[in-house]
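Here is a short briefing on one protein model. Take a look at the structure first, then read on.

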Amino acid sequence: QVQLVESGGGLVHAGESLTLSCAASGRNFVSFTMAWFRQAPGKEREFVAVISPTGANTEYSNYVQGRFNISRGTAKNTITLQMSSLTPSDTAAYYCAARLRNSVTNDWSVAGVYDAWGQGTQVTVSS
């Protein structure tokens, strides 16, 4: 089975930057659509960004548009989330996700379309 592991979370001050990484293992002979979601205490998990298998297509939530950048790493099925101008509202556990099914969905912002999830990495932004 495919396993996802996130890293790079930590504590930063408002206005600072942080970069998260996610690495997948188990079926790396193909590339998957991969995404970042986040979940703050007491709130539902929300979409952050998604990237296509080739990296040619990306989409972002309105909350992070212009501040975050998703990209594919040098190794197959690794992704990075570069975060800048962080605010306390960005405080959450950030999760990496991958769609393993060989089929197409029309809405990549829905958590239910993804098949594998990482354990999460905590990002805390102080005032």
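Leaving aside neighbours within four places in sequence, which residues is Tyr94 in contact with? This is a predicted model. In it, Tyr94 touches Glu6, Leu20, Trp36, Phe37, Arg38, Val48, Phe68, Leu81, Met83, Gly120, Thr121 and Val123, with those close sequence neighbours left out.

**The nonpolar cores**

- The largest nonpolar core has 30 residues.
- Tyr94 is among the residues with the most contacts inside this core, along with Leu4, Met34, Trp36, Leu81 and Met83.
- Several strands each supply at least two residues of this core: β3, β4 (33–39), β5 (46–51), β7 (68–72), β8 (78–83), β9 and β11 (121–126).
- Another core, of 7 residues, lies apart from the largest one. Its members include Ala35, Val50, Ala97 and Tyr114.
- In soluble globular proteins, nonpolar side chains tend to be buried together.

**The disulfide**

- A search of the whole structure turns up 1 disulfide.
- Cys22 and Cys96 are the partners, with an S to S distance of 2.0 Å.
- Cys22 sits in strand β3 (residues 18–25) and Cys96 in strand β9 (residues 92–99), so the bond ties together parts that are 74 residues apart in sequence.
- The torsion about the S-S bond of Cys22 and Cys96 is about -80°, so this disulfide is left-handed.

**Burial of the two cysteines**

- Buried means under 20% relative accessible area.
- Cys22 has 3% relative accessibility, so Cys22 counts as buried.
- Cys96 has 0% relative accessibility, so Cys96 counts as buried too.

Technical notes
Residues are numbered from 1 along each chain as its sequence is written. This is a predicted model: local features need pLDDT of at least 70, side-chain atom pairs count only at pLDDT 80 or more; totals for chains, interfaces and linings use all residues. Side-chain values use heavy atoms; hydrogens and water are left out. A disulfide is a pair of cysteine sulfur atoms within 2.5 Å. Helices (H or I, at least four residues) and strands (E, at least two) are DSSP runs, numbered from the N terminus. Buried means under 20% relative accessible area, exposed over 50%, partly exposed in between (1.4 Å probe, protein chains only). A nonpolar core is a set of buried Ala, Val, Leu, Ile, Met, Phe, Trp, Tyr and Cys residues joined through side-chain atoms within 4.5 Å. Contact means heavy atoms within 4.5 Å.
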